[in-house]
Amino acid sequence: MALPSLTDALRSRGLRMTVQRQLVMEAVERLGHATPEQVHGQVTQTAAGINLTTVYRTLELLEQIGLVRHTHLIDAATTYHLAADQHFHLVCRMCRTVSEAPIGMLADLAGRLADERGFSMDVGHVALFGVCGNCSEGNTCDPETAAPTGSP
């Protein structure tokens, strides 16, 4: 899915591009999945004067204009990622590893829900919790070295 640039998306809504907005967007791109606190940490490496409240507000704005999405993963921490990066999340309850899967894997379920219940599924917010293959085999799974997040 092609999304407008940050500048175009802001201008089309009568908003202006700011350094803070640019830095937050770049941090989300660089980090992949990140909490507002992680985004803030990344942003302050470049601009120490940007506070956490600005990061929260900017993330909310970026979501409103459709450039980022949020998901609740482990411990209800809200994480943000690019809206163009369409996937759903697999969260291991044992080792806490988060991995991604392509949304196409949920196409049958989404179609069935639409046909049978008239329900339109928002796949970008889907996080499935369970036990990863490594943990289910009884292996010790270190979240720092476990299967990487990213598309399989």
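Select Glu116 and Arg112 to start: the two form a salt bridge, with their closest N and O atoms 2.8 Å apart. A salt bridge here is a side-chain nitrogen of Lys or Arg within 4 Å of a carboxyl oxygen of Asp or Glu. Side chains of opposite charge can pair when their charged atoms come close. Because Glu116 and Arg112 are four residues apart in helix H5, about one helical turn separates them. Both Glu116 and Arg112 are exposed, on a scale where exposed means over 50% relative accessible area, buried under 20%, and partly exposed in between (1.4 Å probe, protein chains only).

What you are viewing is a predicted model, in which local features need pLDDT of at least 70 and side-chain atom pairs count only at pLDDT 80 or more, while totals for chains, interfaces and linings use all residues. Residues are numbered from 1 along each chain as its sequence is written, and side-chain values use heavy atoms, with hydrogens and water left out.

**Second stop: the other salt bridge**

The count of salt bridges comes to two. For the other pair, select Asp122 and Arg69, whose closest N and O atoms are 2.2 Å apart. This pair links distant parts of the chain, 53 residues apart: Asp122 is in the loop between helix H5 (107–117) and strand E5 (127–130), and Arg69 is in strand E1 (residues 68–72). Asp122 is partly exposed, at 38% relative accessible area.

**Third stop: the whole chain**

Zoom out and colour by secondary structure. The chain has six helices and five strands. Helices (H or I, at least four residues) and strands (E, at least two) are DSSP runs, numbered from the N terminus. Read from the N terminus, the order is α-α-α-α-β-β-β-β-α-β-α.

Of the 152 residues in the chain, 36% are buried. Among contacts (heavy atoms within 4.5 Å) with a separation of 6 or more, 52% are between residues 24 or more positions apart.

**Fourth stop: the nonpolar cores**

A nonpolar core is a set of buried Ala, Val, Leu, Ile, Met, Phe, Trp, Tyr and Cys residues joined through side-chain atoms within 4.5 Å. Select Leu6, Val24, Val39, Val43, Leu62, Ile65 and Leu67: of the 20 residues in the largest core, these touch the most other members. Helix H1 (6–11), helix H2 (19–31), helix H3 (36–43) and helix H4 (52–64) are the elements that give two or more residues to this core. H2 gives the most, with five residues.

Now keep Leu62 and show its surroundings. Beyond four places in sequence, Leu62 touches Leu6, Val24, Met25, Leu67 and Val68. A second, separate core has six residues, including Phe88, Ala101, Leu106 and Met121.

Select Met17, in the loop between H1 and H2. Met17 is partly exposed, at 27% relative accessibility. Its C-alpha atom is 5.9 Å from that of Thr7, ten residues apart along the chain. Not counting residues up to four places away in sequence, Met17 touches Leu6, Thr7, Leu10 and Gln22.

His89 is in strand E3 (residues 87–92). Is His89 buried or exposed? At 0% relative accessibility, His89 counts as buried. Its side chain makes a polar contact with the side chain of His87 (3.0 Å). A polar contact is a pair of N or O atoms within 3.5 Å; within protein, one must be able to donate a hydrogen and the other to accept it, and residues adjacent in sequence count only if both atoms are side-chain atoms. Leaving aside neighbours within four places in sequence, the contacts of His89 include His33, Thr71, His81, Glu100 and Leu128.

Next select Pro102, in strand E4 (residues 98–102). Pro102 is partly exposed, at 35% relative accessible area. Pro102 and His89 are 13 residues apart in sequence and 8.9 Å apart in space, C-alpha to C-alpha.

In the loop between E3 and E4, select Arg96. Phi of Arg96 is near 70°, a positive value in a residue other than glycine. Arg96 is partly exposed, at 40% relative accessibility.

**Last stop: confidence**

Colour by pLDDT, the predictor's confidence in each residue, from 0 to 100. The chain has a mean pLDDT of 84, and 87% of its residues reach 70 or more. Over residues 145–152 pLDDT stays under 50, and the model has eleven contacts beyond four places in sequence for them. Where pLDDT is low, the predicted coordinates should not be read in detail.
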